[in-house]
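Here are a few notes to go with the structure, written as I would jot them down for a colleague. Have the picture open while you read.

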Amino acid sequence: MGSQSYDLVIYLLRNDLRLDDNEVLELANQSKHVLPLYCFDPRHFSKTKLFNFPKSNGHQLKFLFQCLEDLRKQFQSLGSDLIVRQGKPEEIIPNLLKTLNLGPDVAVMFDKEVFGEDAEMEKALQNSCEVTVESVWGKMLYHVDDLPFSSKKVPDIYKEFEKALTDTCKVRKCFERPKQMKPLPQGIDPGTFPTLDSFGVTASEQDSRSQLTFVGGEMVALDHLQKFLWGNKGDKTSSDVSGTRLSPWFSLGCLSPRKVYWAVKTYEKEQKANLSTEKMISELIWRDFFQYMALKHKEKLFSPEGIKGENVTWKHNIGHFNAWKDGKTGVPYIDANMRELAATGFMSNKGRENVASFLTKDLELDWRLGAEWFEANLIDHEVCNNYGNWICVAGVGLDPDLGHKYNVVKEGQLHDCNGDYVRLWVPELDGSRMGRLTIIKNENKLPTHRRAQELNQPLQVGSSPLAIFRLSAEWA
């Protein structure tokens with residue numbers, strides 16, 4: 001994108017709700033007027049593509065509204081405002097242009113999306129506007145123009161991708177935060193935020209069992225990053241983006257990956273590099289991997305055979321799926337994670353890997369059921385990361401290192417060795433000690449959570465069948 005100065009730039013904000021490290025804002029602010037615009041696009045609040053799950057729940061919308069309120073306050077402090085409208089951008093923006101009647105010296109700018117309905121909207125917007133439409137790539141750690149290969153030649157193996165980037169590419173510096181915004185055009189109505197009720201959604205209350213209260217907005221995100229890195233100097237105990245609990249702010253662009261990268265590098269320079277900071281950088285590269293996989297493979301991300309292309313017969317047993325999504329499979333670690341998701345809109349990265357493996361490898365259900373359920377419930381949902389991860393765990397990706405089956409019992413014992421997490425989210429097991437659990441697969445039985453009364457007594461009280469689980473005497 002060039003640096004041409006316009007009479008007006010309409011900056012369409014979507015998943016880039018920040019002022020820091022914002023290339024579109026940097027370019028737009030060179031013009032005479034800037035109109036920051038957010039559209040409540042009805043496509044974002046409808047149903048998922050295949051299984052018609054509601055796309056937005058109370059957790060997601062509450063977080064989004066907080067992000068937008070924070071952004072509006074920041075714009076107002078710089079002499080501008082966030083203009084909000086309800087409707088499709090490709091319809092809202094042409095109407096705005098007619099109302100403002102500023103002539104041809106106008107541009108629409110936005111941060112490009114890699115894939116999905118937002119990318120489709122970009123094409124519709126270009127067709128509907130009679131002014132210049134410009135875009136930049138701002139979602140990736142490594143800029144697309146700096147890659148040592150074209151998007152069609154992106155390696156499908158993560159280790160090859162990581163090595164190619166770290167050996168040959170440099171991460172660009174962040175764009176500076178604006179000290180002042182160019183004014184809005186005269187006579188523009190800022191608009192008001194819709195209510196949650198208008199989306200048919202009730203605000204979700206904070207669950208007391210949640211480890212962290214997620215509050216949306218760039219300022220909270222920056223504070224969280226600062227405290228995570230500098231609050232306790234030394235090795236970090238969390239090693240992935242969900243472990244750092246930064247992913248909700250990443251999903252709506254309250255933080256850029258470059259911002260986090262350079263913050264980590266500053267920490268390493270002033271304190272020390274350690275395994276956890278290295279893993280934080282690695283997880284940022286993982287985000288890029290899934291972004292570029294989507295850019296390369298596009299619609300294959302939504303196909304049942306994934307990008308691997310091999311025919312797979314997936315089951316669609318709705319009873320089994322309901323047991324999974326409701327946290328009533330009888331496998332304590334799986335159920336704890338799914339109940340946490342329902343109560344908070346969040347789940348750890350390790351939990352996501354295990355519940356995805358259980359759905360696809362144990363229940364043999366269509367991985368897209370799980371991907372769409374995550375889309376409908378996670379406050380940190382991103383299309384590329386979510387569907388890319390599901391493809392890998394389901395074994396329909398091209399990286400052989402990423403499709404193994406998880407032993408969900410062993411994983412539960414490893415990551416929740418004392419059973420505290422399970423007892424927190426599965427109160428039926430309160431008072432039980434963690435023990436060995438053996439899964440005996442049986443299509444005609446479904447367990448419920450109940451302590452065994454004697455050694456090897458089956459747990460099989462339930463409304464629909466999945467498996468029989470036997471508990472050792474250590475559990476009882």
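1. Before anything else, keep in mind that this is a predicted model.

2. Start with strand β4, residues 106–111. Six of its six residues are buried, so the strand is largely enclosed by the rest of the structure. Here, buried means under 20% relative accessible area.

3. Now look at which way those side chains go. In a regular strand the side chains alternate between the two faces of the sheet. In β4, Val 106, Val 108 and Phe 110 point one way, while Ala 107, Met 109 and Asp 111 point the other way. Whichever way they point, all of these residues are buried.

4. Who are the neighbours of β4? Strand β1 (residues 8–13) pairs with β4 in the parallel sense, over five bridges. To find the spot, look for Val 9, which stands opposite Ala 107 in β4. Strand β5 (residues 132–136) also runs parallel to β4, and five bridges join the two. There, Val 108 has Val 133 of β5 as its bridge partner.

5. Follow the chain through helix α4 (residues 117–128): together, β4, α4 and β5 make a right-handed β-α-β unit.

6. Over to helix α6, residues 218–230.

7. Which part of α6 is hidden? Its buried residues include Leu 222, Leu 225, Phe 228 and Trp 230, and Glu 218 and His 224 are on the list too. Among the elements covering the buried residues of α6 are α2 (58–77), α7 (247–251), α8 (257–270) and α9 (275–297).

Definitions and conventions: Residues numbered from 1 in each chain as written. Predicted model: local features only at pLDDT ≥ 70, side-chain atom pairs only at ≥ 80, totals over all residues. Heavy atoms only, no water. Buried < 20%, exposed > 50% of the residue type's maximum accessible area, 1.4 Å probe, protein only. Helix = DSSP H or I, 4+ residues; strand = E, 2+ residues; numbered from the N terminus. Pairing = 2+ DSSP bridges. Right-handed = clockwise from strand over helix to strand, strands pointing away. Contact = heavy atoms within 4.5 Å.
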